[in-house]
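Me: I have a model open and want to learn how to read it. Walk me through it, please.

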Amino acid sequence: MKTDIIIVGGGIIGLYSAYTLALRGLSVTLCEQGQVGGECSSAAGGILSTLLPWDYPPAINQLISNVTHEYQALSEQLLASTAIDIQLWQCGLHARLNAEEHAIALNWCKNSNTDYSEHEGGLQLERVAQLEPVSLIKALHTRLQQLDVTILDHTQVDSVAVQQDKVSGIHTAQGFIPCARLLWTTGAWAKTLSAYQGRLEAPAVRPIKGQMIAFKAEPGLLTHILYHAGHYLIPRKNGLILAGSTLENSGFDQTVTTHALQLLTQKSIDLLPALKDCEIIQHWSGLRPYSETEHPIIAEHADIKGLYLNCGHHRYGICMAPQSADRIAQLILA
Ligand SMILES: Cc1cc2nc3c(=O)[nH]c(=O)nc-3n(C[C@H](O)[C@H](O)[C@H](O)COP(=O)(O)OP(=O)(O)OC[C@H]3O[C@@H](n4cnc5c(N)ncnc54)[C@H](O)[C@@H]3O)c2cc1C
């Protein structure tokens, strides 16, 4: 098999990177150990913003500075080519804040030219948008097939072959696949990077479990994302209201727990009392890729030529995917 680049990991970061590289003329092969989009990316809420932007350093906000515009363009392309709607919706984010937080937020909005409106006990960021991650994954997957990207699902990469400090291929249970360029987008599993015939430092990324629930409500009960004290509600146009999320340092365990269900239910009702009459119809979890530096790793590997890393996006992989893909593509094509 001849390919310009192999991408390992079929979450949003791998898919968006594959899309960007295919559009720039590379022949791409993507290996996914399970099903494409089967891990963290499908568990996301789909908010296209950091939860409270004033709590984050400029480098993080910079990575998502143009995100609504980027997904608007993608949404139109995907709808035209695949007929799948990623349900992009600029619904705004309303943050309930105490007086001290309110002053910090106001200052940040003014300094960063961010559109906002003030409400009693809070502040609304008018331009924050959301999308539906499962539809996004499905649409990108379909588009990649149209672009002749080779997608090998149920193909776990066991090790990377390295010769004279250069990537030479990958070892999978199905055999060896040669390549001169490799992109590692394995999310919470990024640390499993290991090399055959060569030293290799794995990225410092570990899993942080997040659990969410979904209430079935009447459409229109909530029309913007609502945030308070670490908890948020995301309304969908069909009436679903997603509530999240936990942050759990429990390794690769993905079990959903009664404790989290009770906690998320109570916090949701505190935020929006009408939810006490709504049925909870889903409860799920995902493993976020937490980077020890608190910044995603978007770089060529320090020791191995041809090995690129795009991982560690923790809570914001959906929003950071477009710019992360663009940055890694620029490095790969330089
Ligand atoms: C509850 C929750 C809510 C969230 N909400 C938001 C949100 O509102 N907005 C936002 O921007 N982000 C959100 N996130 C974060 C976002 O989901 C992640 O940052 C993003 O999904 C990470 O994408 P990824 O492609 O790096 O990882 P993943 O989606 O986990 O993909 C990595 C893939 O690599 C595969 N893989 C691993 N090792 C190998 C191997 N050796 N060989 C082959 N394949 C391999 C895995 O099977 C997996 O499919 C949320 C996350 C959670 C859990």
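**Reading the model**

Reply: Strand 17 (residues 297–300) and strand 18 (residues 307–311) run antiparallel and pair over four bridges. Strands here are DSSP runs (E, at least two residues), and helices are runs of H or I with at least four residues, numbered from the N terminus. Two strands pair if DSSP finds at least two bridges between them.

Me: What should I know about the numbering and the model first?

Reply: Residues are numbered from 1 along each chain as its sequence is written. This is a predicted model: local features need pLDDT of at least 70, side-chain atom pairs count only at pLDDT 80 or more, and totals for chains, interfaces and linings use all residues.

Me: Which residue in strand 18 is the bridge partner of Glu-300?

Reply: Tyr-308 is the partner. Strands 17 and 18 make a hairpin with six residues between them. In the turn, Gly-306 has a positive phi of about 85°.

Me: In what order do the four strands of the open sheet lie?

Reply: The order is 9-8-7-11, with mixed pairing. Strand 9 (175–178) and strand 11 (195–196) are the edges, each pairing on one side only. Inside the sheet, strand 7 (residues 157–163) and strand 8 (residues 166–172) are antiparallel over six bridges.

Me: How is the protein split into domains?

Reply: Domain bounds come from an automatic or database domain assignment. That assignment gives domain 1 (1–92 + 127–204 + 293–334), domain 2 (93–124) and domain 3 (206–291). The C-alpha centres of domains 1 and 3 are 25 Å apart.

Me: How many residues of domain 1 are in contact with domain 3?

Reply: A contact means C-beta atoms, placed from the backbone, within 7 Å. By that test, 28 residues of domain 1 touch 24 residues of domain 3.

Me: Which residues come nearest the ligand?

Reply: A residue is near a molecule if its C-beta atom, placed from the backbone, lies within 6 Å of it. There are 43 residues around the ligand, and Gly-9, Gly-11, Gly-187, Gly-210 and Gly-317 come nearest. Elements giving two or more residues to this shell include helix 1 (12–23), strand 12 (205–216) and helix 8 (317–333). Domain 1 and domain 3 each supply at least three residues to the shell.

Me: Which residues are in contact with Ile-241?

Reply: Set aside neighbours within four places in sequence. The contacts of Ile-241 then include Ala-214, Phe-215, Leu-233 and Leu-275.

Conventions: Two residues are in contact if their C-beta atoms, placed from the backbone, lie within 7 Å.
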